[in-house]
Amino acid sequence: MIPKVELHLHVEGAAPSALIRDLAQRQGTDLTGVFAEDGGYAFRDFWHFLKVYEAATSVLRTPGDYHRLVTAVLEAQAAESVIYTEHFLSPDFCGGGDLTAWRDYVAAMADAAAGVAAQGGPRLRGVVTAVRHLGPDSAKRAARCAAETAGEFITGFGLAGDERAGVPRDFAYAFDMAREAGLGLTAHAGEWDGPRSVSDALDDLRVSRIGHGVRAIEDAALVERLARDGIVLEVCPGSNIALGLYPDWSAHPVARLRDAGVPVCLSTDDPSFFRTRLGWEYDRLAAAFGWTEADFAAMNRTAMAAAFCDVATRAEMTQRLEPADDRPA
Ligand code: ADE
Ligand code: ZN
């Protein structure tokens, strides 16, 4: 399996359903409606998915729970040959936006990451993520948490949640705080909202990456802008198909975006919910578009160039992405 880089992954969305069930059982929490008969997560559409996601997340209550979660997620990514990854981490779920509590969660997650890295597993950086439908004030609290913990482990700030709640400009203050703190910036856009949401995120939040962004394909001028300005799209095809945004792999615009010169990289978004794995996504894309290992290697290099990490980590990971025969001896 080729080495991979995965930039777009919500840590709770990668929680094995068995872990969530175990925590619920210990706490006596009723999670009726969260699971399907086969034990996986059950949801009807994106908005129902967000509700089920938050219900499942409610059993992750302590820094210790997040230590266990991050370890499990990184081990699953190691099995996909992921060498570098970023996880979306939300103060809203980790201490309710309280800075003192957040620091404890960050310490636990960084410790879990160090443990996995010491065993040769993926290197992890955290992207603090505001939940859009919780509103601008909550996003400001998340940005403060991000700014106060920015450093070696917390390296980015992002915006997820319901794309139709408010407009990007509502979150400009939070993004300004995060930018001032030296964090890399990304925002979900162009998934459930149209191409305008992508250009608004670029204009009003000044992000260098867009989460999804696939509906940019509906506006040729925007596609040209993304290509010209080197805005990287964190594309999650399996997520888009599982949620019904596109009917199947061959209908997904990722190949057309890439052919137009837009830098794209590949991720799984919420793999436990969408019943996907990164390697499986590569297989489906290879079948749909004839992509080869060289294509995937190029997209992994794109991801690493756009990663929110220090120069030394980028250099080390980029070298590990090179084919063995091109590597300096
Ligand atoms: N939160 C968790 N997963 C998400 C997704 N795919 N889009 C928006 N918000 C999310
Ligand atoms: Zn996402």
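User: How do H13 and H14 pack, and at what angle?

Analyst: Two packed helices are described by the angle between their axes and the distance between the axes. In this predicted model, helix H13 (residues 293-306) packs with helix H14 (residues 311-321) at about 175°, the axes being 10 Å apart. Axes are lines fitted to C-alpha atoms, for helices over the stretch in contact, and angles run from 0 to 180 degrees between N-to-C directions. H13 is therefore roughly antiparallel to H14 (under 35 degrees counts as roughly parallel, over 145 as roughly antiparallel, 65 to 115 as roughly perpendicular, the rest as oblique). Helices (H or I, at least four residues) and strands (E, at least two) are DSSP runs, numbered from the N terminus.

User: Which residues make the contact?

Analyst: Contact means heavy atoms within 4.5 Å. H13 contributes Asn300, Arg301, Met304, Ala305 and Ala306, while H14 contributes Arg314, Met317, Thr318 and Leu321. They divide into five nonpolar, two polar and two charged (Ala, Val, Leu, Ile, Met, Phe, Trp, Tyr, Cys and Pro count as nonpolar, Asp, Glu, Lys and Arg as charged, and the others, Gly among them, as polar).

User: Which residues of H12 are buried?

Analyst: Buried means under 20% relative accessible area, exposed over 50%, partly exposed in between (1.4 Å probe, protein chains only). In H12 the buried residues are Leu278, Gly279, Glu281, Tyr282 and Leu285. Down the axis of H12 they fall within an arc of 155°, so they line one face of the helix; the arc is that of the directions from the helix axis to the C-beta atoms. The face turned away from the buried side carries the exposed Asp283 and Ala287. Among the elements covering the buried residues of H12 are strand S2 (82-89), helix H9 (237-242) and H13.

User: And which residues of H5 are buried?

Analyst: Those are Ser138, Ala139, Ala142, Ala143, Cys145, Ala146 and Thr149. Their arc is 160°, so they line one face of H5. They pack against helix H4 (99-118), strand S3 (123-131), strand S4 (154-160) and helix H6 (172-180).

User: What conventions apply?

Analyst: Residues are numbered from 1 along each chain as its sequence is written, and chains are lettered from A and ligands numbered from 1 in the order in which they are written. In this predicted model, local features need pLDDT of at least 70, side-chain atom pairs count only at pLDDT 80 or more, and totals for chains, interfaces and linings use all residues, while side-chain values use heavy atoms, with hydrogens and water left out.
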